[in-house]
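Please look at the structure before starting.

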Amino acid sequence: MLSLDLGRQTFGDTTNVNNVLSRDEVTQLLIDWVKNEKLLLHMKQVGHLMKQWALEREELSSDEAWKWEMAGLLHDADWDQWPDQHCRLIIEELEKRNVDPEIIHAIASHGPLYFGVEPITIMDKMLYALDELSGLIHAYSLMRPEGYIGMELKGVKKRLKEKTFAANVSRTDIQDACDRASLNLDDLIQFIILHQGDVSLSNWF
């Protein structure tokens, strides 16, 4: 297995603070880079969760919430075509586009055990926390006839304990992320259940 360690801790240029891509620019980047619709949906789900957390829990402005959403939308952008260079290529692309280093650092730190970058800011920690758990809860929704409707905390926690269910989702990462962000796991699950069912690819492009 190739190492995904990024070999550095700083990203972007501080002169680019508050520089963001437009929604159209983000959409075009994803069209060009990501062909897998399941992966696109995952990134859209995480982006939506990041935005809602920024607005509801951190009480940030819509401009600040777009930074959070951007980080969620783009965190796996290079995974589809270049998995052995995951995170490295999207970071380099965003650096070339003079994007706010806070956004780039959040993407670089969304898997500290793999990329070697520690989550520092609240944005960093929430992207790490929402990423894996979002995937597990979506997998659970696919096995339920009603999808997200009527989904309960106890059902998610039961699946979380089943190591063979959504086996590619790291339980270690989920617990580590919650610990780092001082998050209550039950609260985080309920938040995702509440918001993730609103997301689909049908209104993506």
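**Exercise 1.** Is the crossing of α3 and α5 right-handed or left-handed?

*Solution.* The model is a predicted one, in which local features need pLDDT of at least 70, side-chain atom pairs count only at pLDDT 80 or more, and totals for chains, interfaces and linings use all residues. Residues are numbered from 1 along each chain as its sequence is written, and side-chain values use heavy atoms, with hydrogens and water left out.

Begin with the geometry: the axes of α3 and helix α5 (residues 101-108) come within 9 Å and cross at roughly 40°, where axes are lines fitted to C-alpha atoms, for helices over the stretch in contact, and angles run from 0 to 180 degrees between N-to-C directions. The two helices α3 and α5 are therefore oblique to each other, oblique being what remains once angles under 35 degrees (roughly parallel), over 145 (roughly antiparallel) and 65 to 115 (roughly perpendicular) are set aside. The crossing of α3 and α5 is right-handed, a term used if the near helix is turned clockwise from the far one by less than a right angle.

The contact (heavy atoms within 4.5 Å) is made by K67, M70, A71 and L74 of α3 together with E102, I103, A106 and I107 of α5. By class, these residues divide into six nonpolar, no polar and two charged, with Ala, Val, Leu, Ile, Met, Phe, Trp, Tyr, Cys and Pro counted as nonpolar, Asp, Glu, Lys and Arg as charged, and the others, Gly among them, as polar.

**Exercise 2.** Describe how α3 meets α7.

*Solution.* The axes of helix α3 (residues 62-74) and helix α7 (residues 122-142) come within 11 Å, crossing at roughly 40°, which makes α3 oblique to α7. In passing α7, α3 forms a right-handed crossing. On the α3 side the contact involves K67, W68, A71 and G72, and on the α7 side I122, M123, M126 and L127. This contact has six nonpolar, one polar and one charged residues.

How values were computed:
Helices (H or I, at least four residues) and strands (E, at least two) are DSSP runs, numbered from the N terminus.
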